[in-house]
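Hi,

Here is the structure I promised to send over. Have a look at it first, then read my notes below.

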Amino acid sequence: MTNSSSNRSNGGSSVWQARWALFRKSAAANWALFAENPVGLIGLGIILFFLLLVILHPILLNTVWDPNVYNPINGFDPQSPVNPAPPSARHLLGTAPQGQDILSQLMFSARNEFILAVLAATVTVTMTTTLGAIAAYYGGVIDNVIMRIVDLVIMVPALSILIVVSGLFELSIVQLALVIGLISAFGASTVVIKSQALSIKVKPYIEAARVAGGGDFHIIFRHLLPNLMPIALLYMMFSVTGAIFSEAVLAFLGLLEVDMSWGIMLNTTRNLGFILDFSNRWYLIFPAGLSITLLSSAFYLVGRALDEIVNPRLRQR
Amino acid sequence: MSTENVIEVKNLTMEYSTRKGNVSAVDNVSFSIKRGQALGLVGESGCGKTSIAKSLLKLLPDNAMIQQGQIVLNGKDMVPLPEEEMRKHRWSEISMVFQAAMNAFNPVYTVGDQIIEAIETHLPDVSEKDARVKIENLFRMVGLAPEMVDRYPHEYSGGMRQRAVIAMALSCDPDIIIADEPTTALDVIVQDSILKEITTLQDRLNMSMVYISHDVAVIAEVSDRVGVMYAGRMVELADTEEIFIRPIHPYTYALMQSFPSVTGPKRELVALPGEPPDLLHPPKGCRFHPRCPNRIEKCDQEQPEWKDYGDNHFCACWNPMEIN
Amino acid sequence: MSNQPLIKVEGLRKLYPIDGGVFRKPSSFNHAVDGLNFEIGHGESLGLVGESGCGKSTTGKMLVKLFEPSDGSVKLQVGDSYINVSNIDRNSRKDFRRNVQMIFQDPYESMNPRMTIFDIVGEPLAVQDIGTISEREERVAEFLEMVGLTPASSFMFRYPHELSGGQRQRVAIARALVIEPAFVVADEPTSMLDVSIRTGVMKLMQDLAERLNVTYLYITHDLAVARYMCDRIAVMYLGKIVEIGPTEELLSNPRHPYTKALLSAVPIPDPRIKRDAVQIEGGISKAIDPQPQCRFYARCPIRDEHCKTHDHPPLEVKGNGMQVACYKVPVE
């Protein structure tokens with residue numbers, strides 16, 4: 001959280017030690033606050049569960065699972081020639097219409113979801129804070145240009161932009177993450193961050209920094225951004241939710257060039273005509289659908305819990 | 001001035017419960033105010049003076065609890081009264097001039113409408129027409145043009161708003177008004193005229209007042225009697241002239257010595273070392289002892305007694321200033 | 001040190017446009033600060049006193065270059081020559097920032113809550129690239145001890161919210177003095193502090209001014225505080241200085257009717273002394289496109305036709321080192 005503009009000598013080690021101690025202390029205090037809130041813990045628990053799936057998948061494929069049978073993309077089990085098949089001891093969640101193991105697909109997809117989520121959210125947060133801070137600090141023409149782009153992006157629903165973009169170019173998961181990040185960077189969160197930055201800009205400590213001799217760069221990066229970080233982190237959690245959801249919709253519509261994802265799983269189910277037969281083919285719909293809901297709401301819950309740390313007024317006495 | 005006590009506070013103790021523990025905001029405070037008398041409560045931020053005001057009106061936040069004591073208003077103890085009962089006494093017997101006059105009025109209604117509403121709720125027998133006449137009279141009394149009744153709060157300057165707040169406090173003919181830092185945000189010339197207004201009205205209506213301020217000079221000018229608060233306790237209580245001439249408690253003495261004046265010889269200001277204590281963990285014994293120049297051995301062990309020094313002069317100190 | 005003043009303010013003005021938009025030219029102006037002339041000598045402390053809205057803070061902020069003046073100049077002596085503050089090149093800018101600092105009113109809002117005391121006090125050193133990080137650490141510690149925050153090591157790596165108001169204002173003083181400036185603007189530095197804390201901070205500012213040879217412009221609404229902090233006092237009313245002179249003379253023998261009113265309105269912490277009644281009525285407004293007449297005309301108890309028909313009176317020496325802007329005050 002704290003870093004000085006220069007650390008030219010090695011003699012400053014005591015300063016860095018003190019800062020490290022402070023960082024640990026504040027992390028511990030924030031964790032204690034977070035841990036008080038069951039909502040956040042539930043969210044975190046779900047996220048950790050899915051992370052576990054991501055880690056376990058390659059291990060399972062290398063040990064217990066026969067790669068030819070359990071490969072999530074082109075695996076096929078000769079022992080169960082009729083697909084899709086309902087859950088059994090060999091295939092805990094059943095098999096997909098083309099014979100892949102659904103559990104394996106689910107676990108493999110989770111990795112893509114995390115890549116997408118983290119990447120999109122990082123892009124969003126970095127850009128919204130910088131854009132918001134710059135718009136608030138400079139005002140005038142720069143502010144106007146940024147805010148008009150924001151207006152445009154808010155006016156046109158993000159999903160329709162995404163559909164057009166992914167219709168024009170076949171997007172990989174990383175490209176999709178960048179596009180989603182970019183679109184939400186010019187979204188409503190920028191307006192929120194900018195208004196927050198405006199309220200910080202008029203604080204006397206900004207004047208004090210200027211009297212101390214600090215230039216624009218110093219004020220933006222040393223004073224504005226650190227004070228925007230907590231709220232930016234909050235929006236990061238919420239944009240993760242949006243990213244997972246958007247991916248699912250695009251994949252479901254068949255607009256993504258992704259080897260496997262929860263959206264693709266549903267897309268395959270729909271393409272082969274099983275989507276309306278929920279009572280018999282629930283295992284084709286339910287696991288992927290539930291995972292999308294669970295993971296995106298988990299990030300939302302963590303966001304809600306962080307909100308209470310960032311805004312102490314929401315906390316109960 | 002009659003001898004009848006309008007309000008009597010006995011052993012009032014109030015605590016706030018917070019995440020970190022209980023804050024002892026008011027500890028065993030007693031005083032009484034006669035009809036027509038003005039009591040000044042002076043002390044620094046966090047000394048409990050505003051908490052006393054809130055307790056007297058029973059306008060306490062949810063986490064505050066009156067632990068013990070009585071607040072006897074016109075012969076009736078207010079402490080056990082439920083909120084609906086208390087509402088009948090508030091404004092008509094005891095009312096308040098708030099510190100933040102800026103926020104005292106709702107910006108979307110005229111000031112007059114808001115005062116009429118207050119009158120109608122507390123004095124249901126008064127018709128709207130009578131209430132209006134009453135407000136116009138009150139406005140004249142506090143030095144506002146009667147036309148201002150139909151104006152919105154943003155059309156008032158800071159001083160005018162404070163006057164309107166005073167008019168509102170007077171609207172239900174209370175026996176006692178609590179003025180919590182009534183002029184703190186105002187410039188001196190406006191402060192001067194408002195303080196004059198209040199003291200004149202007080203004399204005319206034979207009202208009792210509680211002035212709460214951090215400003216020793218303001219308290220010196222408007223009060224008949226002064227109570228000095230420190231860290232939730234009252235340390236000294238006496239008539240105004242008496243306490244300024246013959247302060248007994250070392251804190252009272254220090255407070256007066258550290259207060260600059262524009263007139264008279266330029267005397268050396270005395271700085272008090274240290275800071276007021278954290279009321280989550282108040283010091284044992286006398287709460288002032290860590291900063292006290294007069295401290296003796298038992299100061300950090302036993303809480304000093306509330307002792308009568310004659311002439312209606314009370315003080316809680318083990319080693320008082322030399323009295324001469 | 002030379003006999004020449006450290007600060008020379010000449011014809012300083014700040015006008016704020018009213019009603020202006022992007023496409024419309026502003027039709028009227030608020031004359032927040034209107035033609036100030038004064039000087040501050042080396043090691044002197046000048047008090048700028050007045051009610052809210054009189055332009056005292058705006059003046060202070062122009063002197064530290066937080067605001068740009070609409071007109072006029074502020075000159076700062078560096079070495080043997082003066083630099084013009086509102087029109088400076090890169091080199092002089094560096095000199096300016098090393099020599100001019102400010103102490104703010106609000107000890108809570110004037111510190112970034114996410115910075116440690118070390119970072120706050122060390123900020124001027126860090127942005128002006130003075131010393132290595134360990135040298136800065138030593139210097140910050142030295143100044144923390146100097147302002148009475150001892151031992152410095154127990155304050156360096158704490159956050160402002162862990163300190164009391166008085167301690168924070170000491171930190172603010174350390175921050176302003178850590179680069180040893182020649183000139184400090186102190187904008188109501190004690191008005192938010194409790195009485196028992198305030199005296200200590202006032203004394204500290206005086207001690208340090210002497211030790212480090214600092215010149216203050218002390219902005220306050222409180223004449224009693226100004227009495228203890230300032231060698232000279234300038235009283236402002238609606239953007240103009242109406243009276244300026246040595247502190248004790250101004251307080252004991254005020255000449256301008258506004259100064260008189262201001263003084264008689266100050267409550268006295270002694271119930272035995274009754275003060276004179278305040279002679280003026282009405283409240284302070286804003287100087288929006290002011291008439292060419294005395295600014296105080298509308299409220300003045302001694303006005304006459306001459307005051308109404310003539311421009312705002314200039315500051316003139318009336319005796320005992322007092323300069324007063326009033327046609328009715330005789331020269332002694």
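Two residues count as being in contact if their C-beta atoms, placed from the backbone, lie within 7 Å. This is a predicted model, where local features need pLDDT of at least 70 and side-chain atom pairs count only at pLDDT 80 or more, while totals for chains, interfaces and linings use all residues. Residues are numbered from 1 along each chain as its sequence is written, and chains are lettered from A and ligands numbered from 1 in the order in which they are written.

Let's start where chains C and B meet: 33 residues of chain C are in contact with 33 residues of chain B. On the chain C side, the elements giving two or more residues are helices H7 (195-212), H8 (223-229) and H10 (257-265). (Helices are DSSP runs of H or I with at least four residues, strands are E runs of at least two, and both are numbered from the N terminus.) H7(C) gives the largest share, six residues.

Now for the sheet. Chain C has an open sheet of four strands in the order E2-E1-E4-E5, with antiparallel pairing; two strands pair if DSSP finds at least two bridges between them. E2 (28-40) and E5 (81-84) of chain C are the edge strands, each pairing on one side only. E1 (7-18) of chain C is joined to E2(C) by 10 bridges, and the two run antiparallel. Look for C:Val9, which stands opposite C:Phe38 in E2(C).

Happy browsing!
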